[in-house]
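Hi,

Here is the structure I said I would pass on. Have a look at it first, and then read my notes below.

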Amino acid sequence: MDTAPTSWTMLDAAHSALRDTVAAVRADQWRLPTPCAEWTAAQVLQHAAGDQQAYAAVLGDGGFPAYDPFSPTGTLDGDAMDLLDHPLAAARLAFSRVGADDVAVPVPLPQGPLTATVAVGACALDAAVHAWDVAAATGQPSPVSEELAEQLHAVAVEIVEPLRGFAYAAALPGDEGGALDQLLRYLGRDPRWTPAA
């Protein structure tokens with residue numbers, strides 16, 4: 001394996017989307033409902049941070065989250081960025097050591113090791129989709145570009161089917177809209193979701 005750090009622009013873009021979205025959330029918005037099951041914005045943040053930490057942990061950078069990311073409490077102790085910054089940095093560092101041609105990269109998913117591109121894409125998909133969840137809940141514009149959505153959709157096709165039912169809902173029908181709308185529907189999210197829906 002090439003030991004030089006690998007640059008993963010897809011992961012950088014997804015992390016930026018999540019970080020920027022979380023930074024723009026007001027303190028009074030963390031209890032708002034989101035498109036993600038029946039979770040609040042705070043629960044989505046906790047889940048997203050825990051997932052990023054888990055991706056880092058399976059690659060040897062730090063331990064697993066001290067809480068179950070699939071049972072987030074929704075109670076934030078301290079600043080939201082304090083919860084998010086370390087897991088994002090750990091995941092980024094861990095994936096920087098993964099070579100682009102690696103064929104068996106460990107991931108915290110039931111299907112086991114994946115190729116490097118799919119593994120880093122899975123981590124990016126998780127961050128980007130939860131960035132969209134929080135943005136939708138808090139009235140922010142989508143932080144996920146059409147270009148990133150197109151890249152993530154290719155990854156989603158590779159990993160999502162075994163995760164239906166516990167990580168992703170059934171795909172929604174329809175083919176209108178751009179790449180982001182297509183990605184969201186594939187993941188079981190309504191691109192036109194609003195808190196009142």
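The largest nonpolar core has 61 residues, and bear in mind that this is a predicted model. Inside that core, the residues with the most contacts are Phe 95, Leu 125, Ile 159 and Leu 187. Each of the helices α1, α2 (41-58), α3 (80-96), α4, α5 and α6 supplies at least two of the core's residues. The top contributor is α4, which gives 15.

Next, the pairing of α1 with α4. The axes of α1 (residues 9-23) and α4 come within 8 Å and cross at roughly 20°. With the cut-off for roughly parallel set at angles under 35 degrees, the two helices therefore count as roughly parallel to each other. The crossing itself is left-handed. On the α1 side, the contact is made by Met 10, Leu 11, Ala 14, His 15, Ala 17, Leu 18 and Thr 21.

Now for α6, which spans residues 179-186. Is this helix mostly covered or mostly open? It is mostly covered, with seven of its eight residues buried. Those are Ala 179, Leu 180, Asp 181, Leu 183, Leu 184, Arg 185 and Tyr 186, so you will see that Asp 181 and Arg 185 are on the buried list, given that buried means under 20% relative accessible area. The buried residues of α6 pack against α4 (116-138) and α5 (146-159).

The stretch that follows α6 is worth a click too. Just after the helix, Gly 188 takes a positive phi of about 85°. Further on in the segment after α6 you will find Pro 191. Why does Pro 191 count as buried? Its relative accessible area is 14%, and the cut-off for buried is under 20%. Which residues does Pro 191 touch, leaving aside those up to four places away in sequence? They are Trp 132, Asp 181, Leu 184 and Arg 185. Of these, Asp 181, Leu 184 and Arg 185 are buried residues of α6.

Cheers

How values were computed: Residues are numbered from 1 along each chain as its sequence is written. This is a predicted model: local features need pLDDT of at least 70, side-chain atom pairs count only at pLDDT 80 or more; totals for chains, interfaces and linings use all residues. Side-chain values use heavy atoms; hydrogens and water are left out. Buried means under 20% relative accessible area, exposed over 50%, partly exposed in between (1.4 Å probe, protein chains only). Helices (H or I, at least four residues) and strands (E, at least two) are DSSP runs, numbered from the N terminus. Contact means heavy atoms within 4.5 Å. Axes are lines fitted to C-alpha atoms, for helices over the stretch in contact, and angles run from 0 to 180 degrees between N-to-C directions. Angles under 35 degrees count as roughly parallel, over 145 as roughly antiparallel, 65 to 115 as roughly perpendicular and the rest as oblique. A crossing is left-handed if the near helix is turned anticlockwise from the far one by less than a right angle, and right-handed if clockwise. A nonpolar core is a set of buried Ala, Val, Leu, Ile, Met, Phe, Trp, Tyr and Cys residues joined through side-chain atoms within 4.5 Å.
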